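Could you walk me through this structure, one question at a time?

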Amino acid sequence: MYEVNAPDIIFEYMDCNLIVIDGVEGLYYASGGTGAEVFRALEAGYGEDEICAALKNAGAGFDADRAVRQFIRQLVDYRILREAPGRKAPGDFPPFPADGMDQPPAITRFDDLQELLLIDPIHQVDVGEGWPFVK
Amino acid sequence: MIEIPDYRQGMLYFPAGLHKLVLTAVVCPGEKGLRAFEEWAAKVDYDLIDYATQTMMPALYQKMSALSCDSPLMPRMKSLNSYFFAKNALLVSGVTPVMRALSAEGIDMLFMKGIAALARFNLSLGLRPMSDADILVRNRDAARAMEIAVAGGFRSKRPTEEIRLLESPHSCDFFNERNIGLDLHFCSLFEHTGRGCDEDAWRRAERRVFQGVPVFVMGAEDHVLNLCVNGVRDMLVFHQKNPHNLLWIIDAAREIQSGKIDWQLMAETAEEKMVSYNLLYGLKIIRKIDPGLVPEGVCRTLTDNILFSECHPAHYSGDRGEQKSAGARISDGLTLAGETRALAGETRTLAGETHVLAGETHALVGRLFALADKQALSPRDKKLQRRNAVLEQKIALHRPGLLNLKYKWWVHTYRSPHLCALMRAVGFLRFLRNSWGVVSYAQVPGYVLSRLKEKITKREGR
C-alpha cells in the first residue's frame, strides 16, 4: 500500500487530468487518462494487485501488471508516493471508467516550476493542452 | 461621464462592463450566472483580459464546469486554473514550514483574505489565486512570529523596522528566496490598530486544519468585514479606477451565500473599528453584482464616517484602550489630547502629501517605543496637528453634500497640509473633479449646473 507524500506533495484532479506539485523541490508533474485513474486508486488506499485486476477487467490494451508496477516505482522514485504498509483498502474497488484507459499509465515531469510560472498562461501555451504545455 | 453613485468621497470604482459580467457569472447562481457568462464570452477578447479577470478565471471555470458549459473558452480558462493551482501550491508549500514552526511554538494563527477563503471552505487550491499568505498573529506574539519567519528563510520586504512601521504598521511583508510571500499581520486592518484591536475576531474565530497545521479562520461576519475593508482600500485611498484584485467580492459573496450572516453584529463591529464607510462601500459593490446578497437595510445602518475610517494614514492613531466612534472621538477631544502622535515623514503612496502618524501602535518590542520617542513633534507639526483637529471638527459637524463647496474645501485643505494657499486653490479644482467623478475639467461647470438643476427641481417638487 502507498500514500501521498504529504505535505510536501500537493495534488489536484482537473477533469480527468492530474496535477502534482512537489513544493519542496519545485517540481511539476502532469498525468491524464490511465495515469490519473491509477493514481486516484493508489491515493485512496488500493493496492497494486487490485488495480491491476481492475485494469484487466476494464479491458486495458497493455500489459497491466508491468505498466502499473513501473508507474508505481516511478511515483515512489519521484517522492510523490511513499510506502504505507499498515494501510488498508477502503472497500471494494470501484470500476475504472470505460473510456480513456487504452494507454499505459504515465506521468510527465517538469523540472523547474518557477520557470514554468514565467510562461504566459494565455498567449504562450497550447490551447488544447493548456499551461504548462508551450505552443 | 463616469457613473456617479448617490454618495461619494473617494469612490471612483464600481464593477462595470466585462468585470461585472465575470463577477455576476461567478457569484450569481443558475440561469443568471450562465447568461452573464454567455454575454461575457461573446464580448471578450480573451487575449486581452486584464490581470483582475485572469485571477477570476479559475472560479469561473469551476462554476461553468459544474453547469456542464461547453464554451470554446473552457480549455483556455482551464489553463489558467492549472497555472494558479501550481502557483498557489508553491506558495502554500513555502509557508507551511513557518506555519508548522509557529504552531509548535504555541502561536495561534488566524487566516485572512485568500488563504482564509481556501481554508474556510476547503476549496481547491487553484480556485483562489493569491500573491501571498496573510496570517494574523496576536500582538503579543508578533516579535516571536517575525523571528520564526526569519529563521524559516523569509526576509522582510522593507529594509528597516522603521520603514515597515511607516509603510505598513499593521503587518510585515516577508518573502523567501523563491519569492514566496508571507504577510504576517499583527492587526487585521490597516485602518484599526492598537492593543486588543482584534480580540473579538479571535473570540469568534473557528478552528480548521490546513496542510496538517491547526489554524483559525475568521467568523463569517469578521471575514466579510475584513474582505470588504481590505478590498476597497485601493479604490478609496489610492483612487484606483482599475483595481487588479476583485477576488474579495467573490470571497465575500461565497461567505454570505454559505450561511446566515448577523448583519447587526457586522455593522456594530465596523462602527467600533471605525470602518463603517469602508464596509458600506464594499457592501454596495457586492449589491451591484447581486442585490439579493446584502439586505438593503444593512447599508442604511452603516454610518458614513469616511473621514475617520478612510485609511488615510493621518487617521491612523494609536488608541491603546477603548476604541471609540468618530463622533465620540470628536466630542471628548481624543483626536487631539492624550494621543502620542509621531509625525514620521511623507508616505510613498499616491495619496501625495500625506503624513504618517505612527504613534505608540502595537507595542511590538522595545525598539518600536524607542522609535516613537525619537520622533517628537516639532512646533510646526504641533501647529499642523492643531489645525487638523479644527478641520476634523468642522468636517465632522457638516453634511457632506456633493455641492457643499465649503465642506469640500475643508476636506481638501485637510488632505493637503503642506501646500501654500495658491497651490491649494489650484489643486481644489482637481480635487472637485476627482470627487465628482468627472473625467475632464471642462465637464466641471456642466456637472455643477446639472446638479444645481436637479436640486432646484427637487425643491420645487417639494
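Q: Which way does H5(B) cross H10(B), left-handed or right-handed?
A: Keep in mind that this is a predicted model. In it, H5(B) passes H10(B), and the crossing is left-handed.

Q: Which residues of H5(B) meet H10(B), and how do the residues of that contact divide into nonpolar, polar and charged?
A: On the H5(B) side you'll find Ala117(B), Arg120(B) and Phe121(B). Facing them in H10(B) are Asp251(B), Arg254(B), Glu255(B) and Ser258(B). Sort the residues of this contact by type and you get 2 nonpolar, 1 polar and 4 charged.

Q: Are H5(B) and H10(B) roughly parallel or roughly antiparallel to each other?
A: The two helices pack with their axes 10 Å apart, at an angle of about 30°. Angles under 35 degrees count as roughly parallel. H5(B) and H10(B) are therefore roughly parallel.

Q: Which residue forms a salt bridge with Arg120(B), and how many residues apart in sequence are the parts that the pair ties together?
A: The partner is Glu255(B), with the closest N and O atoms 2.5 Å apart. Arg120(B) belongs to helix H5 (residues 113-121) of chain B, while Glu255(B) belongs to helix H10 (residues 247-258) of chain B, so the pair links parts separated in sequence by 135 residues.

Q: How many salt bridges does a search of the whole structure find over all chains?
A: The pair of Arg120(B) and Glu255(B) is a salt bridge. Searching the whole structure, over all chains, gives a total of 26.

Q: Which residues make the salt bridge between Asp15(A) and its partner in chain B, and how far apart are the closest N and O atoms?
A: Across the interface of chain B and chain A, the rule finds 1 salt bridge. Asp15(A) pairs with Lys78(B), and the closest N and O atoms are apart by 3.6 Å.

Q: How much area do chain B and chain A bury between them?
A: The meeting of the two chains brings 27 residues of chain B into contact with 26 residues of chain A. Of the area buried, 62% is on carbon and sulfur atoms. The whole comes to about 2,300 Å².

Q: Which residues in chain B lose the most area to chain A?
A: Three residues stand out here, together giving 27% of what the chain B side buries. They are Tyr83(B), Phe85(B) and Arg178(B).

Q: Are H19(B) and H20(B) oblique or roughly parallel to each other?
A: Helix H19 (residues 421-436) of chain B packs against helix H20 (residues 443-461) of chain B at an angle of about 55°, and their axes are 11 Å apart. Roughly parallel needs an angle under 35 degrees, and roughly perpendicular needs 65 to 115. H19(B) and H20(B) are therefore oblique.

Q: Which residues make the contact of H19(B) with H20(B)?
A: H19(B) passes H20(B) in a left-handed crossing. The contact's residues divide into 5 nonpolar, no polar and 1 charged. H19(B) brings Leu429(B), Arg433(B) and Trp436(B), and H20(B) brings Val444(B), Tyr447(B) and Val448(B).

Q: What is omega for the cis peptide bond that joins Ala6(A) and Pro7(A)?
A: Pro7(A) sits in the loop between strand E1 (2-4) and strand E2 (9-14) of chain A. The bond joining Ala6(A) to Pro7(A) is cis, with omega at about 0°.

Q: Where is Arg79(A), and what is its phi?
A: Look in the loop between helix H3 (64-77) and strand E5 (81-83) of chain A. Arg79(A) is not a glycine, yet its phi is positive, at about 65°.

Terms used. Residues are numbered from 1 along each chain as its sequence is written. Chains are lettered from A and ligands numbered from 1 in the order in which they are written. This is a predicted model: local features need pLDDT of at least 70, side-chain atom pairs count only at pLDDT 80 or more; totals for chains, interfaces and linings use all residues. Side-chain values use heavy atoms; hydrogens and water are left out. Axes are lines fitted to C-alpha atoms, for helices over the stretch in contact, and angles run from 0 to 180 degrees between N-to-C directions. Helices (H or I, at least four residues) and strands (E, at least two) are DSSP runs, numbered from the N terminus. Angles under 35 degrees count as roughly parallel, over 145 as roughly antiparallel, 65 to 115 as roughly perpendicular and the rest as oblique. A crossing is left-handed if the near helix is turned anticlockwise from the far one by less than a right angle, and right-handed if clockwise. Contact means heavy atoms within 4.5 Å. Ala, Val, Leu, Ile, Met, Phe, Trp, Tyr, Cys and Pro count as nonpolar, Asp, Glu, Lys and Arg as charged, and the others, Gly among them, as polar. Buried area is the accessible area (1.4 Å probe) that two parts lose on being put together, summed over both. A salt bridge is a side-chain nitrogen of Lys or Arg within 4 Å of a carboxyl oxygen of Asp or Glu.
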